[in-house]
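Try each task before you read its solution.

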Amino acid sequence: MRRYLFCSLVLLTVVSFSPGSLAQEPGAEIPRPESVFGFLPGTDRQLIDYSQLIDYLVLVDQASARVAVREIGRSTLDRPMKMVFISSPENLERLDELREINRRLALDPVIPGDELTGMIDEGRVFVMATLSMHSTEVAPAQTLPLLTYQLATTDDPEVLGWLENVVVMVVATLNPDGMDMVVEHYREGLGTAYEGGSMPGLYHHYVGHDNNRDFVALTQAESQAVSRVFSTEWYPQVLLDKHQMGRTGPRYFVPRYHDPIAENIAGDLWVWSDVFGSAMAREIGAAGLTGVASNWVFDEYWPGATTTSHWKGVISLLTEAASVRVATPVFVEKNERRVRGKGLSEYKKSVNMPSPWPGGWWRLGDIVQYELASWRGALKTASMLRGEILAFRNDLCRSEVALGGTEPPFYYVIPRQQHDESERDHLIELLLEHGVEVMRLTEPAAVDGVNLSAGDWVVPLAQPYRPFVKEVMEVQRYPVRHYTPGGEVIRPYDITSWSLPLHFGVAAIELETRPEGFDELLAPFGGMDPVVPDFASDWGVALDPRDNASYRAVFSAFGSGAEVYRAPTGLTVGGEVLPPGAFVIEDPPADLMQHGATARSYALEARPSVELQAISKPRVALIETWFHDMDAGWTRYLLKKYGIPFTLLRPGDVAETDLSGNFDVLIFPDADSDILSTGKYKSNGEYQINDYRPEYRQGLGEDGSKKVDAFIEGGGLVVAWGRSTELFFDDLVFGEGDDALEFALPVSDDSESLSEQGLYAPGSLLAVDLVTDHPVTWGMPSRFGVFTRGRPVLGTSLPVLIADRRVLGVFPGEDILLSGYAEEVELLAERPAMVWVRAGRGQLVFFGFQPQFRASTPGTFKLLFNSILLPEVGEDEAGVAGVGR
Ligand SMILES: [Zn+2]
């Protein structure tokens, strides 16, 4: 059979699965992609959008018994998420039976020998794929119609054999909304100077590129849907996650991954990803294509990407193709080729890149060829090693369960008693959503000298997803590996801490022993019962400020017009002592608790006799640049989730906005302060030209900055963290002309000098001790973990003129690093982590960490919510320096 043929529509070698001239069913005609779209996907400067993609797959589904399309969920903006199954008609007819075999192999450690042999004979390898989640990385999704057509029509006996052994299931794109955004933007730019340029804003409604960082916290609809497919619905044995990278490096990445690798994942699973990676590289080479790199840049240490499936026993493969300018070709001169990062230092023939690409034209059609070839490698391998792959999946299940019963830790206990009970429930629900087995203790027990109560939750390690359980429940200790003995440490690709208990502020106990009879005290736990108290006949309700869910309820109460108060000295109700900052809601809406179902709430017969401060709904504006501003997007997501209304302001709009008249609070999430102020990046001290249209590269400018100063002068509140804080470390000016008052806030960023001294925190969880009597810290424990990437490091000084400051939290003197990796972290000892600043009647809250990092740090959400709810500074408190709160 001819494997590689010339296609008349694109003058390129076309890798193919030899589409046949005849449709396999009499009467049914499978449409060619080019006859439906008017062009062959992969053609220069042509893209199909999401509905074209799905409509085509449905057409093929209708005409072919080898293809079936199913919905797996809805996207954030409510597009259907579709998965296409491609296999032999016989396999597709028995999908449910095959799925049950998958489930047993993945989760059942005690399948009797004969039955197991039968299952391996009967079973098929399920190769799942997720395409183009980063929507500017268009090629994998654009390839799907070609792949589907070729597999649906091929009469190549070899490929037909693969389809008998393998069930392909492809999530058409992991990000349908983004695909439409990018295609629309690209089409608008065609033929202009901005063709192929950056799309303004985020290509996922909330989280942009960070959609590949959400597979532990599962906050977004798309990650939930895809995680469900591999964790609790289909249990594929192989997962391919297809991406693109820069334009000047290697042409294609396949595993082997680079160090560090996750220590909790079995050694053999790494070997399997090498087997598939090598097979893909081999097939790409066989098609005459060059430039494949492996064991390069991409480590597989942190969970959070789509390949989090790795921790659940799935052979998980990342591929990355070199990009074009969306669909516009690029020409790369030989001298412009670059490699950098772990594993490749020269653009030269080496074991990690044995056939360097020579440079030249690089087109969308080229990427399509690499994609199809990589698919061939994956399917051929899955088919050839079918029995071994299925047997391996169950081997892994058995060995992980066995390990959990013989090697400590044996259990994680999540006690009922928690500082924040709503996040306790959130954590348990999240584990269940991941397919983790959670149990409940039926009677009290003492283990490892710890007294456990009936009703405590227990997560046993003796379960198939043990690597995942251990990874997300333990404290992270970075696997330090060196390039050479005693040499440089291999640094991480992304963050280094994700411990759910620490990030959620939920206590969990690791049990190192396995007492006789303990398992018999455990009952399966299926999920939380919704609690909906009825306050209809009462005066009102008190809510515990330690529960994040209380804040959601409070914001819904604002919406209903109820009166809301905080009790600065706390409150005793129904025998319970609520700490300072307790919420009191008079005449709450009937559905209050649906917005905060698991918050601790207490009916009040009458107005409590303690001091109450009325609070009202703040008018919030959020500043977000057009420069793919992910932290702002995550903040939008969090505000939406908690029902906190806000207005989105772009920096360039501020000068024309009446800030003081419209808003009480301005939030500046982490963003490059140069982009915020000028609309341009600075690199090596020079402003860089970028390819956004001019309307998207407007900064605050001088007029916008003046507006912000005036907003503060008028009693406004600014909440800022990350690099945005730098905007406020220059002088502020209140008033104009001769009366203008120029002054500096008594706060600074010391991160630059500390990083010169070796401070390095690539995404680490650090301890902070709090001042607990301030409205910003109400509801918080006195010590907790904060997530930081090392900037800013706050410093304060004696205030002058009308400014004042109060340090609200400091890093402790020792034992600063709670989880993850950091170098020279002791330089942070006793430095401020959080500072409240007053400037006249204006207030600013600065965080030296990210209180809502990727919505994965609920332990510090309250600091943000409390800041938003800060009461105004009265005239009598607004005077000279030194009169702080
Ligand atoms: Zn990507």
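**Exercise 1.** How much space lies in the largest pocket? Then describe its lining.

*Solution.* Keep in mind that this is a predicted model.
- Start with the volume: the largest pocket holds about 1400 Å³ of space.
- Next, the lining: 48 residues line the largest pocket, and Glu137, His209, Gln244, Met245 and Gly246 lie nearest its centre.
- Sort them by class: 20 are nonpolar, 18 polar and 10 charged.
- Finally, the elements: S7 gives the most, with four residues. H8 (176–189), S11 (299–300) and S12 (315–322) each supply at least two residues as well.

**Exercise 2.** Find which residues coordinate the zinc ion, and classify the site.

*Solution.* 
- Read the spacing of the donor residues in sequence: H-x2-E-x105-H.
- Check the angles: the four donor atoms give 54 to 149°. A tetrahedral site needs all angles between 85 and 135 degrees. The zinc site is irregular.

**Exercise 3.** Are Glu137 and His243 buried or exposed?

*Solution.* 
- The cut-off for buried is under 20% relative accessible area.
- Glu137 has 8% relative accessibility, so Glu137 counts as buried.
- His243 has a relative accessible area of 1%, so His243 is buried too.

Conventions
Residues numbered from 1 in each chain as written. Predicted model: local features only at pLDDT ≥ 70, side-chain atom pairs only at ≥ 80, totals over all residues. Heavy atoms only, no water. Donors = N, O, S within 2.8 Å, 3.2 Å for Na, K, Ca; no water. Tetrahedral: all angles 85-135°; square planar, octahedral: opposite > 155°, others 65-115°. Buried < 20%, exposed > 50% of the residue type's maximum accessible area, 1.4 Å probe, protein only. 1 Å grid on protein atoms, 1.4 Å probe; cavity = no way out; pocket = protein on both sides within 12 Å on 5 of 7 lines; lining within 4 Å. Points joined across faces, edges and corners; volume = space filled by probe spheres on them. Nonpolar A, V, L, I, M, F, W, Y, C, P; charged D, E, K, R; others polar.
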